[in-house]
Amino acid sequence: MNIFRQSQKLNWTHVLKINTCFISTYSNVVKDMTQRGLVSNITSPEIIEKTNKPTTIYCGVDPTAKSLHLGNLVTLMGLLHFHIRGHQTIALVGGATGSIGDPSGRKSERVPLSQDILRENVAGIERQIHRFFKNGASYANRRGFNDSTLDTREPKVLNNFDWFSNMSALDFLSSIGRYARVNSMLAKESVKSRLETTQGISFTEFSYQLLQAYDFWYLHHHHDCRIQLGGNDQWGNITAGIDLIARKKKKKDDTESESESKVFGITIPLLLTSTGEKFGKSAGNAIWLDEYMTSVFDFYQFLMKTTDEDVGKYLSMFTLLKEEHVSEIMAEHQKYPEKRFAQKKLADETTELVHGIDGLRKAKTATQVLFGEDLSTLSGDQIIEAFKTDRNRFIKLDRSAVIGSSIDIIASVTNAAKSKSDAQKKIKAGGFYLNNQKITNVKHVIEENDLIDGKVLVLRTGKSSYYLIQII
């Protein structure tokens with residue numbers, strides 16, 4: 001039996017129609033995800049029956065960077081929806097596959113990463129996934145997903161290096177290669193598209209689908225995993241895993257019934273903005289989930305800048321608000337779109353989900369500071385806490401270097417100005433602010449009463465260049 005022919009893409013939005021009025025907090029997870037726009041295709045409609053009871057699902061991510069980015073949040077949300085309904089979720093970090101590189105969606109081969117960088121990236125992403133599920137579970141609880149009758153299983157975070165590291169080339173060929181069919185591998189879109197280029201595809205990347213297929217088999221065999229979740233570009237890799245599982249079971253003459261042994265795949269749509277850009281990208285830079293790489297303020301503001309065309313879709317996909325609540329938000333937003341009510345709700349909800357209550361509080365504090373608002377309601381500790389992970393804006397200086405120094409010196413030291421003379425020009429032009437108050441004296445000397453709670457200074461040049469100085 002060729003599973004590739006059996007697992008045809010199903011446009012699930014056409015298969016399943018649901019009246020949002022009847023979606024309860026604990027409705028079938030695939031139905032709810034479909035309604036929210038989080039399901040693009042499935043390998044079989046039987047997945048609905050399978051997910052009416054707790055099962056195990058996994059999604060993999062390769063450690064190509066130290067952090068996941070906002071685009072990865074789509075698949076993380078898929079895992080979270082399963083988790084809060086009592087299913088076992090597995091987040092698989094590709095410590096092994098990350099050294100190979102997935103050719104899906106790429107026109108050229110990835111630059112290989114060193115083992116040291118891979119280990120650093122793996123560690124960072126593992127910590128991040130644990131933190132996401134911790135924050136996500138708390139967020140879900142505050143949004144009504146707190147049924148005490150559910151047996152919520154602790155999410156597993158695994159690394160495929162654990163099972164590939166001791167596998168020899170002969171093991172690979174006998175355990176995986178024996179069951180692969182080259183004609184099926186060549187038919188994969190990720191391979192076909194590369195074969196049409198002058199660069200072609202290396203054997204290493206060509207073999208990537210076999211490694212991911214083995215991941216699915218390994219998790220199925222050792223963790224009873226029945227579902228793989230991935231982006232649309234992972235369809236070929238997912239079906240390769242389904243095929244491998246079927247072939248290996250057939251070879252073993254497994255006595256498990258077909259319905260009991262069936263495994264499934266779900267793909268989530270590649271998320272593009274209304275302008276055709278990848279979600280989570282800003283002027284070529286990813287919006288990272290790590291607050292040391294993208295500050296909570298910048299994360300929050302990226303969501304605040306969501307277009308009116310996209311905000312309703314994102315509210316469904318990146319929050320756990322019920323669909324009727326999302327509809328109410330959008331109706332209110334449309335009355336006064338200039339107030340950006342829906343964008344604020346999206347930014348509040350998603351920041352709380354990813355960075356927790358404290359992260360949302362820091363984002364709002366930073367917004368108050370960086371939008372030139374009155375700082376008298378904020379303490380020095382609040383400002384420091386909001387910015388201490390912001391490597392672009394936060395600076396520490398010794399008290400002896402600040403108190404008694406003129407403002408133009410401090411500006412040049414903190415890079416708020418290129419030099420003392422540049423700082424003086426900005427002050428004379430009316431474009432220099434201390435604690436959001438305009439400075440007009442080019443020789444203003446910093447005194448203790450200039451510090452907020454004796455701990456911090458806020459410098460601003462122009463409309464949006466801020467520097468937060470903690471006095472130590």
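A salt bridge here is a side-chain nitrogen of Lys or Arg within 4 Å of a carboxyl oxygen of Asp or Glu. The side chains of Lys-364 and Asp-348 meet this rule, with N and O 3.7 Å apart. The model is predicted, so local features need pLDDT of at least 70 and side-chain atom pairs count only at pLDDT 80 or more, while totals for chains, interfaces and linings use all residues. Residues are numbered from 1 along each chain as its sequence is written, and side-chain values use heavy atoms, with hydrogens and water left out.

**Overall composition**

The chain has 22 helices and 14 strands; helices (H or I, at least four residues) and strands (E, at least two) are DSSP runs, numbered from the N terminus. Of its 472 residues, 54% count as buried, where buried means under 20% relative accessible area, exposed over 50%, and partly exposed in between (1.4 Å probe, protein chains only). Contact means heavy atoms within 4.5 Å. Among contacts in the chain with a separation of 6 or more, 75% come from residues 24 or more positions apart.

**Packing around α18**

Two packed helices are described by the angle between their axes and the distance between the axes. Axes are lines fitted to C-alpha atoms, for helices over the stretch in contact, and angles run from 0 to 180 degrees between N-to-C directions. Helix α6 (residues 115-142) and helix α18 (residues 341-370) have axes that come within 7 Å and cross at roughly 125°. This angle makes α6 oblique to α18, given that angles under 35 degrees count as roughly parallel, over 145 as roughly antiparallel, 65 to 115 as roughly perpendicular and the rest as oblique. On the α6 side, the contact is made by Phe-132, Asn-135, Gly-136, Tyr-139 and Arg-142; on the α18 side, by Glu-349, Glu-352, Leu-353, Val-354, His-355, Gly-356 and Ile-357. These residues divide into five nonpolar, four polar and three charged. In this scheme Ala, Val, Leu, Ile, Met, Phe, Trp, Tyr, Cys and Pro are nonpolar, Asp, Glu, Lys and Arg are charged, and the others, Gly among them, are polar.

The axes of helix α17 (residues 323-335) and α18 come within 8 Å and cross at roughly 140°, which makes α17 oblique to α18. From α17, His-325, Ile-329, Met-330, Glu-332 and His-333 meet Phe-341, Ala-342, Gln-343 and Lys-345 of α18. By class, this contact has four nonpolar, three polar and two charged residues.

**Salt bridges**

Side chains of opposite charge can pair when their charged atoms come close. The count comes to 25 salt bridges, including these:

| Pair | N to O distance |
|---|---|
| Lys-362 and Glu-291 | 3.0 Å |
| Lys-364 and Asp-348 | 3.7 Å |
| Arg-393 and Asp-390 | 2.6 Å |

Lys-362 lies in helix α18 and Glu-291 in the loop between β9 (285-286) and α15 (296-304), 71 residues apart. Lys-362 is buried, at 11% relative accessibility. Lys-364 is partly exposed at 37%, whereas Asp-348 is buried at 12%. Arg-393 and Asp-390 are both buried. A network of salt bridges links Arg-142, Arg-143, Lys-345, Glu-349 and Glu-352.

**Gln-368**

Gln-368 is also found in helix α18 and counts as buried, at 17% relative accessibility. Its side chain reaches the backbone oxygen of Asp-374 at 2.9 Å. Not counting residues up to four places away in sequence, Gln-368 touches Glu-373, Asp-374, Leu-375, Thr-377, Leu-378 and Asn-436.

How values were computed. A polar contact is a pair of N or O atoms within 3.5 Å; within protein, one must be able to donate a hydrogen and the other to accept it, and residues adjacent in sequence count only if both atoms are side-chain atoms.
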